Amino acid sequence: MGSLHTRDPELAAMLDAEVRQQNSTLAMIASASIADPSVLAVGGAALSNVTAEGYPGARYHPGAQQFDQVEDLAVRRAKQLFGAQYANVQPHSCSSANLAVLAALLKPGDTFLGLGLDAGGHLTHGSRASVSGRHYNALSYGLDASGRIDFDRLGDLVLEHRPQLLIAGASAYPRTVDFARFRAIADTVGAYLLADISHIAGLVAAGYHPSPVDVAHLTTTSTYKQLGGPRGGLILSGQDHMAPGPDGRTPLSRLMQRAVFPQSQGTPSPASIAAKARAFAVAAEPAFGETARLIVLNARALAAELSALGHRVLTGGTDNHMVLIDTMNVGLTGVVAERALEECGILANRNRIPGDTKPPLVTSGLRLGTNILAQRGMGPERMRDCARLLHTVLSGTRPRTDTEYLTDPALVALVREEVRWLCARHPLSIDTTAGVPVDLIGVGT
């Protein structure tokens with residue numbers, strides 16, 4: 001048996017190219033982080049060969065002794081990291097986790113409230129494009145004139161519609177989420193509260209955002225957006241883990257076990273769960289806390305710099321890792337801004353903003369994030385460089401249509417060179433051959 005380069009040079013070349021691209025690209029994707037090489041290595045472990053439906057000690061297949069220990073370890077580490085009393089590490093994504101919670105707590109046609117998509121909510125919070133918006137009576141709450149969650153209107157909606165469930169959390173909301181206020185509103189009608197912290201899980205774990213674990217009945221998150229883990233999801237519960245479910249008898253923790261398996265998933269991904277265990281351990285280290293601190297400081301600095309350069313920053317700033325800007329303020333649609341930046345080696349994604357009149361594939365906004373910038377070791381002083389590069393590209397892009405544009409090749413070359421220099425000064429901790437984590441080089445040869 002030879003190396004991947006020998007046995008499959010076509011694939012090896014693609015993976016090598018991906019590593020080179022990540023190392024030389026200024027990624028400001030708010031929904032992404034960089035996994036520690038040890039996490040990547042564990043994600044490729046031989047546990048992938050194990051098939052083991054069920055939970056530790058109650059599998060439906062033999063040969064899961066080691067996997068039982070790994071899953072128990074992942075559960076223990078997740079509970080410790082978030083101060084939870086219950087954790088389910090099997091969901092394949094936060095979307096899977098959210099849908100499992102909905103299926104466990106609601107009957108088809110039941111009412112729940114989530115933040116509207118244009119206001120920064122997620123598809124699984126009730127969008128008609130999702131199962132969540134088709135199988136249930138999904139209603140939306142929104143934002144006030146300042147771009148903050150409109151709690152007064154939310155309280156009125158809850159009293160009017162008396163939902164069985166209220167979802168707190170967002171995909172594009174740059175301010176602190178007041179989970180305690182959400183819980184108080186949910187309690188007025190006896191509704192369950194689900195907190196989706198996918199975007200802010202790292203800040204919650206490090207103490208830079210209030211935790212909902214002992215406030216909400218249930219908390220869900222992805223394990224990759226800010227935790228530096230593998231693609232996957234997580235369900236947590238704190239002091240309400242033994243609260244009764246809709247039947248008045250079954251504890252929420254037991255309901256969640258059934259909701260994931262067998263109700264919504266079959267076989268878990270053993271190697272991914274092992275990678276989650278490793279990621280939770282990394283997130284508990286002091287270095288992760290320092291990165292979380294930089295994430296918040298960088299986002300505030302980036303927002304301030306962009307505002308000073310004349311860009312319209314939504315809500316006037318940020319409390320977390322995310323900065324939202326109105327690209328129409330500089331005459332560009334979100335998709336044109338995204339594509340022009342990518343051409344120059346900068347990654348940020350188009351995003352709908354409140355009052356958006358453009359379709360979802362076009363949009364009027366851009367979402368920026370500082371997770372990876374902080375993981376590179378960049379501090380607030382570097383945000384001036386990042387903001388300047390963003391401004392140079394956006395101000396130097398001429399729109400032709402909502403999706404087409406012109407940029408000066410000389411400007412593109414200049415910005416790409418500056419991006420490469422900045423990335424080289426702050427390298428990622430990726431050391432790979434053919435896209436395979438350094439820990440695995442030589443394994444299987």
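Tutor: Start with a definition: buried means under 20% relative accessible area, exposed over 50%, and partly exposed in between (1.4 Å probe, protein chains only). Helices (H or I, at least four residues) and strands (E, at least two) are DSSP runs, numbered from the N terminus. This is a predicted model, where local features need pLDDT of at least 70, side-chain atom pairs count only at pLDDT 80 or more, and totals for chains, interfaces and linings use all residues. Residues are numbered from 1 along each chain as its sequence is written, and side-chain values use heavy atoms, with hydrogens and water left out.

Student: Over which residues is the pLDDT below 50?

Tutor: pLDDT is the predictor's confidence in each residue, from 0 to 100. The protein averages 95, and 96% of the residues score at least 70. Where pLDDT is low, the predicted coordinates should not be read in detail. The stretch below 50 is residues 437-445.

Student: Which residues of helix α6 are buried, and why do they count as being on the same side?

Tutor: Helix α6 spans residues 151-161.

Student: What is L154 in contact with, leaving aside neighbours within four places in sequence?

Tutor: A nonpolar core is a set of buried Ala, Val, Leu, Ile, Met, Phe, Trp, Tyr and Cys residues joined through side-chain atoms within 4.5 Å. The largest one has 52 residues, and L154 is among those touching the most other members, with F82, Y141, L166 and F182. Contact means heavy atoms within 4.5 Å. By that rule L154 is in contact with L113, Y141, L166, F182 and I185.

Student: Is H321 buried or exposed?

Tutor: H321 lies in the loop between β11 (312-313) and β12 (322-326). Beyond residues up to four places away in sequence, H321 touches several others, including A30, H199, Q226 and N371. Its relative accessible area is 0%, so H321 is buried.

Student: How far does the backbone oxygen of A30 lie from a polar atom of the side chain of H321?

Tutor: A polar contact is a pair of N or O atoms within 3.5 Å; within protein, one must be able to donate a hydrogen and the other to accept it, and residues adjacent in sequence count only if both atoms are side-chain atoms. For A30 and H321, the distance is 3.4 Å.

Student: Which residue in β15 is the bridge partner of L324?

Tutor: In β12, M322, L324 and D326 point one way and V323 and I325 the other, all buried. Two strands pair if DSSP finds at least two bridges between them. Five bridges join β12 to β15 (residues 365-369), and the two run antiparallel. The partner of L324 is R367.

Student: What is the omega of the peptide bond from F261 to P262?

Tutor: P262 lies in the loop between α9 (252-260) and α10 (270-283). The bond from F261 to P262 is cis, with omega near 15 degrees.
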